[in-house]
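Here are my notes on the model, point by point. Please read them with the structure open.

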Amino acid sequence: MATKYDVIVIGTGQAGPSLAVRLAGTGMKVAIIERKRFGGTCVNNGCIPTKTLVASARTAHVARRAGDYGVTIRSPIAVDMKKVKMRKDAVVRQSSEGLEKWRVRVDDELLEADKFFINVGGRASVPPLRGIDEVSYLNNSTMMDVDFLPQHLIVIGGSYVGLEFAQMYRRFGSEVTVVERGPRLIHREDEDISEAIKTILEGEGIKIRLGAECIAFEKRGDKLAVQVDCSSGDKTVIGSHTLLAVGRVPNTNDLGLEQAGIEVDKRGYIQVDDQLRTNVPGIYALGDCNGRGAFTHTAYNDYEIVAANLLDGDERRVSDRITAYALYIDPPLGRAGMTEAEVRKSGRKALIGKRSMTQVGRAREKGETDGFMKVLVDAETKKILGASLLGIECDEVIHSILDVMYANAPYTVIQRAMHIHPTVTELIPTMLGELKPLE
């Protein structure tokens, strides 16, 4: 006989636990089900562990540059990868243990409920590359178990995940090669952003192979060879380890969705409307598995949207949110709204402001002047259309722009603000004061 609940939440990523607690607080009987580890991608093999590793890698990088700041370090800089992993594990443990306090155990029991919320996330994609089954490879999850320094790490994929790991392991001391099938890195960004990031990474000794149209693998003794077939340079790269960072797929293939009649697209993403409802009444999909966002913050926002509609009488929608994310290389890229290419494609009249980080006092003081900031504004409404900020602390600076966009206010509001000196953010009003027509 089935056990009856008011609500069943499947998955414990960023949306599931918060929603379960909120619904239980209204008196509903709630069950939450998790296949593996509480916390989903963010806690276990995404944001928290990777940014902890990024911090360790940055420490090594700054230590090597100590002389630039007038600081003398007499012994050679070395990275203890076992201690790096131990630190990462400790930070992850703090987050996962907090979530596990909410846990409800479900074994082989049959459960029923009036409402289901699917929050099962996604996993690294393994494309059908020639020879991939003949070699060992790492992905963003198995990289979390690495407590050694790869001699030469070949990263397949020149996008967000791949670039973070590439710079991280180069700073730890590995030789690193990034292999990207497309003509440039992070193709979703503007070309000037892609080129600037390429320059930054190459400046740290990372080799980048673009236009790798025919990627293939084979063993070479205790190493592996990756055929890249690039337009120039050697046709094969020899390395000790390879990381696949070529996208993600939703964890929906074995849920029996077809038995419930839940619609998915050709990639397996659950189809939802603007309030995250599936085509089956009473069943919702939140987080990465619905294809409406691929970040911790979009998953949590999914929870907020569902809770607002069900409990608060507030008709919030997915389409209300503004695109926002960061690429956590160093310096980071902060993004909000439209890219320059998207603005041009829209055909609207627009203004653009751009400032090199060499013109930002705070960046010069810190000795970190790589990158630039760029903002696009609607020429008629004066509303900010989007921003791409590549530079020191820009993962934080982007929020000064994002908040004004959510307020639906003109860019001139920022110019009236008194910002603190010295900061990176204080240069945003200056940049906005130098807007030019986008031609």
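Predicted model: local features only at pLDDT ≥ 70, side-chain atom pairs only at ≥ 80, totals over all residues.

1. The β1-β2 pair. Strand β1 (residues 3-10) runs parallel to β2, and 4 bridges join the two. Val9 stands opposite Ile32 in β2.

2. Arg35 and Asp254. The whole structure holds 30 salt bridges. One of them joins Arg35 to Asp254, with the closest N and O atoms 2.8 Å apart. The partners sit 219 residues apart: Arg35 in the loop between β2 and α2 (40-44), Asp254 in the loop between β12 (248-250) and α7 (257-260). Arg35 counts as exposed because its relative accessibility is 54%, over the 50% cut-off. Asp254, at 46%, counts as partly exposed.

3. Lys207 and Glu175. These side chains meet in a salt bridge at 3.1 Å, N to O. Lys207 belongs to strand β7 (residues 207-209) and Glu175 to strand β6 (residues 175-179), 32 residues apart. Lys207 is partly exposed at 45%. Glu175 is also partly exposed, at 31%.

4. Other salt bridges. Asp273 pairs with Arg277, the closest N and O atoms being 2.8 Å apart. A network of salt bridges links Asp190, Asp192, Glu340, Arg344, Lys354 and Lys374.

Technical notes: Residues numbered from 1 in each chain as written. Heavy atoms only, no water. Pairing = 2+ DSSP bridges. Salt bridge = Lys/Arg side-chain N within 4 Å of Asp/Glu carboxyl O. Buried < 20%, exposed > 50% of the residue type's maximum accessible area, 1.4 Å probe, protein only.
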